[in-house]
Amino acid sequence: MGKDVIIACDFASVQQTFDFLDLFTEEKPFVKIGMELFYAEGPAIVREIKRRGHKIFLDLKLHDIPNTVKKSMAVLSNLDVDICNLHAAGTVPMMEAALEGLTRQDGTRPLLIAVTQLTSTDQQHMEDDLWIHAPIADVVMHYAENAKKAGLDGVVCSPLEALKVHERCGSDFLTVTPGVRFADGELGDQKRVMTPAQAKEIGSDYIVVGRPITAAEDPAAAFRRCVREFVD
Ligand code: C5P
């Protein structure tokens, strides 16, 4: 599995999305489509972006009973996306059911990765609200190991966790890491960040980059800078 830069297309409409993608005349970047765009525009936008030749990470973070997740994953698999995800909190049986649903008749399937604990969840809220009483770093690793046990391909994690995830789950277990910023760039609301070069150094398999590319004066140039630092 090659390293790649995934652009988080956090746009509210089809028009904004295609205006952005039209800026890429020389390459077809891997794109992440999240809930906002999917709920606004539906599967049609996935098909259209695919038709234009992009790979797609459909970031819908499924979490429900195993049977519902299995059937929903079968629908997403038919959309021919490249990566799907779910919450590891849904348990190992839910993750196993998801894989089953995702697998097509010919045995092929999109990659499936798990969200461990959201980076917006801190120790305090995990204890008070979720009633989980263990250090959050251990919980993240435990969930990553559960994902591995269920047969998933990897996890979404902070670049700071990628090294440890590879140690615990093997170097071929994918780490997909948001929270990437250029050394001379704005942090925005991200707190713990790494540059693309640092993410490469610690072994991230894919970096997910939003605003450093989408809000750049020249998004195509910012994308190429990311690729130069992370992939080349
Ligand atoms: O604009 P920015 O580079 O911060 O975008 C990062 C993308 O990765 C956003 O789509 C955000 O929702 C997503 N993400 C994240 N942190 C996580 C999981 C997902 O920033 N822990």
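A residue counts as near a molecule if one of its heavy atoms lies within 4 Å of that molecule. Please keep in mind throughout that this is a predicted model.

Let us begin with the ligand. Which residues are around the ligand? They are Ala8, Asp10, Lys32, Thr119, Pro178, Arg181, Gln190, Val208, Val209, Gly210, Arg211 and Pro212. In the side chain of aspartate 10, an N or O atom is 2.8 Å from a ligand oxygen. Arginine 181 places a polar side-chain atom 2.8 Å from an oxygen atom of the ligand, and for arginine 211 the corresponding distance is 2.7 Å. The ligand on its own would expose 460 Å², and the protein buries 80% of that area.

One of the residues around the ligand, Arg181, is also touched by threonine 195. Threonine 195 sits in the loop between strand E7, residues 174-177, and helix H9, residues 196-201. Leaving out residues up to four places away in sequence, threonine 195 touches Val180, Arg181, Phe182, Ala183 and Glu229. Is threonine 195 buried or exposed? Its relative accessibility is 13%, so threonine 195 counts as buried.

I now turn to helix H4. H4 runs over residues 66-78, which makes 13 residues. From its first C-alpha to its last it reaches 19 Å, close to the 18 Å expected at 1.5 Å a residue. Which residues of H4 are buried? They are Val69, Met73, Leu76 and Ser77. These four lie on the same side of H4, because they cover an arc of only 100° around the axis. The face turned away from that buried side carries Lys71, Val75 and Asn78, which are exposed. As for what covers the buried residues of H4, the elements include strand E3 (56-62), strand E4 (83-87), helix H5 (92-102) and strand E5 (111-115).

Most residues other than glycine have a negative phi. Aspartate 80 lies in the loop between H4 and E4. With a relative accessible area of 39%, aspartate 80 is partly exposed. Threonine 91 is the second case: its phi is positive at about 85°, although threonine 91 is not a glycine either. Threonine 91 belongs to the loop between E4 and H5, and its relative accessible area of 40% makes it partly exposed.

Lysine 50 is part of helix H3, residues 43-51. With which side chain does the side chain of lysine 50 make a polar contact? The partner is aspartate 82, at 2.8 Å. Lysine 50 is partly exposed, with a relative accessible area of 23%. Between lysine 50 and alanine 134 there are 41 Å in space, C-alpha to C-alpha, for a separation of 84 residues in sequence.

Threonine 121 lies in the loop between E5 and H6, the helix of residues 123-128. Threonine 121 counts as buried, with a relative accessibility of 18%. Beyond its neighbours within four places in sequence, threonine 121 is in contact with Met126, Leu130 and Ile136. Isoleucine 132 is found in the loop between H6 and H7. Its relative accessibility is 22%, so isoleucine 132 counts as partly exposed. Setting aside residues up to four places away in sequence, isoleucine 132 touches Gln117, Met126, Glu127, Val139 and Tyr143. Isoleucine 132 and isoleucine 45 are 38 Å apart in space, C-alpha to C-alpha, and 87 residues apart in sequence.

Thank you for your attention.

Note on methods. Residues are numbered from 1 along each chain as its sequence is written. This is a predicted model: local features need pLDDT of at least 70, side-chain atom pairs count only at pLDDT 80 or more; totals for chains, interfaces and linings use all residues. Side-chain values use heavy atoms; hydrogens and water are left out. Helices (H or I, at least four residues) and strands (E, at least two) are DSSP runs, numbered from the N terminus. The expected span of a helix is 1.5 Å times one less than its number of residues. Buried means under 20% relative accessible area, exposed over 50%, partly exposed in between (1.4 Å probe, protein chains only). The arc is that of the directions from the helix axis to the C-beta atoms. Contact means heavy atoms within 4.5 Å. A polar contact is a pair of N or O atoms within 3.5 Å; within protein, one must be able to donate a hydrogen and the other to accept it, and residues adjacent in sequence count only if both atoms are side-chain atoms. Accessible areas come from the Shrake-Rupley method with a 1.4 Å probe; for residues, only the protein chains shown count as cover.
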